[in-house]
Amino acid sequence: MNAGLPAAISATLADLPPAAAERLATALREPDPGVRQTTSAAGIPFASLAWGEPSDRPLVLIHGITASARLWWRVGPALAATGRRVVAVDQPGHGSTGHWAGRHRFRETAADIAAWTRAAGLDVPELQVVGHSWGAMTAAALPVARIRPATLVLLDPPAVSHAVISQLVNDPSEQVYPDIATASAVLTAANPAWSAEDVQAKAEGLVQLDAAAALSVLLENGDWDGGLADISDPAADGVPVWVIRGDPATGSLLPDPAIPGFAARIGADHSLTLAGAPHSPQRTHPEATTLALLRALG
């Protein structure tokens with residue numbers, strides 16, 4: 001490992017915390033489908049998927065562009081098995097939420113998600129938040145929207161130029177499709193390492209997707225900085241932040257040159273790399289992703 005770069009970790013079921021290993025292994029092998037909920041906030045009927053007991057410590061999961069709450073179908077129930085109330089939200093224009101109103105700026109989306117967090121009764125001192133990709137950009141701006149999580153985790157937050165992020169517009173795995181069968185066929189061909197459930201979850205998301213939402217988020221936000229500017233805002237002072245990324249050699253969108261900036265803000269010991277993992281490690285490395293998230297969440 002190069003000096004100054006995050007520690008690289010890998011994990012199997014055998015590496016999960018002993019105290020919760022059996023419950024975690026069961027949750028990963030036979031995940032609970034969760035409970036669908038709808039909560040209106042900011043004029044938007046936010047759809048979400050929840051696992052765990054309502055009285056447990058809340059953990060909000062925020063998906064990335066063209067995905068939905070179903071991205072977390074395996075990791076969500078695993079985290080709930082550690083005694084958390086895990087709630088994965090469908091962002092505007094995505095999943096079953098819909099109601100895209102053109103609010104593509106990261107702070108605008110964060111303000112809407114903050115309104116949902118309050119309306120859902122999740123804005124409590126012990127709240128923890130994990131955001132992936134575009135969801136990480138949203139999560140990074142939550143303190144500016146007056147939501148201050150006890151722990152904020154950015155999972156592979158993209159720190160790339162506009163030229164790079166805009167290329168996703170042409171990615172077959174990020175397109176809107178007329179039906180799940182067509183989307184599934186394209187996704188299976190393009191992502192042979194994905195499980196059938198991951199293909200199904202992503203296919204559903206692509207069929208539900210508001211194309212205008214994806215296009216404006218990808219094309220109208222300029223360069224992406226991984227959320228660094230927002231977590232460096234005075235509103236985020238004192239909020240513990242972790243960064244977990246995939247492997248730059250296998251698709252992470254958080255490259256090595258971006259790491260020193262994050263280390264200066266959050267501390268070098270609050271960054272991890274998932275060895276061999278892509279940009280969305282939930283799909284291909286669920287054990288390592290769960291282990292890394294639990295390390296960050298405590």
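# Briefing: buried residues, ring pairs and a cavity

Ser 216 counts as buried because its relative accessibility is 8%; the cut-off for buried is under 20% relative accessible area, with a 1.4 Å probe and protein chains only. This is a predicted model, in which local features need pLDDT of at least 70 and side-chain atom pairs pLDDT 80 or more, while totals for chains, interfaces and linings use all residues. Residues are numbered from 1 along each chain as its sequence is written, and side-chain values use heavy atoms, without hydrogens and water.

**Ser 216 and Asn 221**

- Ser 216 sits in helix α8; helices (H or I, at least four residues) and strands (E, at least two) are DSSP runs, numbered from the N terminus.
- Not counting residues up to four places away in sequence, Ser 216 touches Trp 100, His 104 and Asn 221; contact means heavy atoms within 4.5 Å.
- Asn 221 belongs to the loop between α8 and α9.
- With a relative accessibility of 10%, Asn 221 is buried too.
- The contacts of Asn 221, leaving aside neighbours within four places in sequence, are His 104, Arg 105, Phe 106 and Ser 216.
- A polar atom of the Asn 221 side chain lies 3.0 Å from the backbone oxygen of His 104.
- The Asn 221 side chain also reaches the backbone oxygen of Val 217, at 3.0 Å.

**Aromatic pairs**

- Searching the whole structure turns up 2 aromatic pairs; ring centres of Phe, Tyr or Trp (its six-membered ring) must lie within 6.5 Å, and planes under 30 degrees apart are stacked, over 60 edge-to-face, the rest tilted.
- Phe 46 and Trp 116 form a tilted pair, because their ring planes stand at 50°, with the centres 6.4 Å apart.
- Phe 46 is in strand β3 (residues 44–51) and Trp 116 in helix α3 (residues 106–119), so this pair ties together parts that are 70 residues apart in sequence.
- Phe 46 is buried, at a relative accessible area of 0%.
- Trp 116 is buried as well, at 0% relative accessibility.
- Phe 106 and Trp 224 make an edge-to-face pair, because their planes stand at 80°; the ring centres are 4.9 Å apart.
- Phe 106 is in helix α3, and Trp 224 is in the loop between α8 (211–219) and α9 (228–231).
- This pair links distant parts of the chain, 118 residues apart.
- Both Phe 106 and Trp 224 are buried.

**Leu 254**

- Leu 254 lies in the loop between β8 (241–245) and α10 (259–266).
- Its relative accessible area is 0%, so Leu 254 is buried.
- Beyond its neighbours within four places in sequence, Leu 254 is in contact with Asp 156, Pro 157, Ala 159, Val 243, Arg 245, Pro 248, Ile 259 and Phe 262.
- Val 243 is 11 residues from Leu 254 along the chain, and their C-alpha atoms are 9.6 Å apart.

**Cavity**

- The whole structure holds 1 cavity of 30 Å³ or more; a cavity is a set of points on a 1 Å grid over the protein atoms alone where a 1.4 Å probe fits but cannot get out, and lining residues have an atom within 4 Å of a point.
- The largest cavity has a volume of about 50 Å³, the space filled by probe spheres set on the points.
- Its lining consists of Ala 67, Ser 68, Arg 70, Leu 71, Asp 198, Ala 201, Lys 202 and Arg 283.

Key: On a 1 Å grid over the protein atoms alone, a cavity is a set of points where a 1.4 Å probe fits but cannot get out, and a pocket is an open set with protein on both sides within 12 Å along at least five of seven lines; lining residues have an atom within 4 Å of a point. Buried means under 20% relative accessible area, exposed over 50%, partly exposed in between (1.4 Å probe, protein chains only). A polar contact is a pair of N or O atoms within 3.5 Å; within protein, one must be able to donate a hydrogen and the other to accept it, and residues adjacent in sequence count only if both atoms are side-chain atoms.
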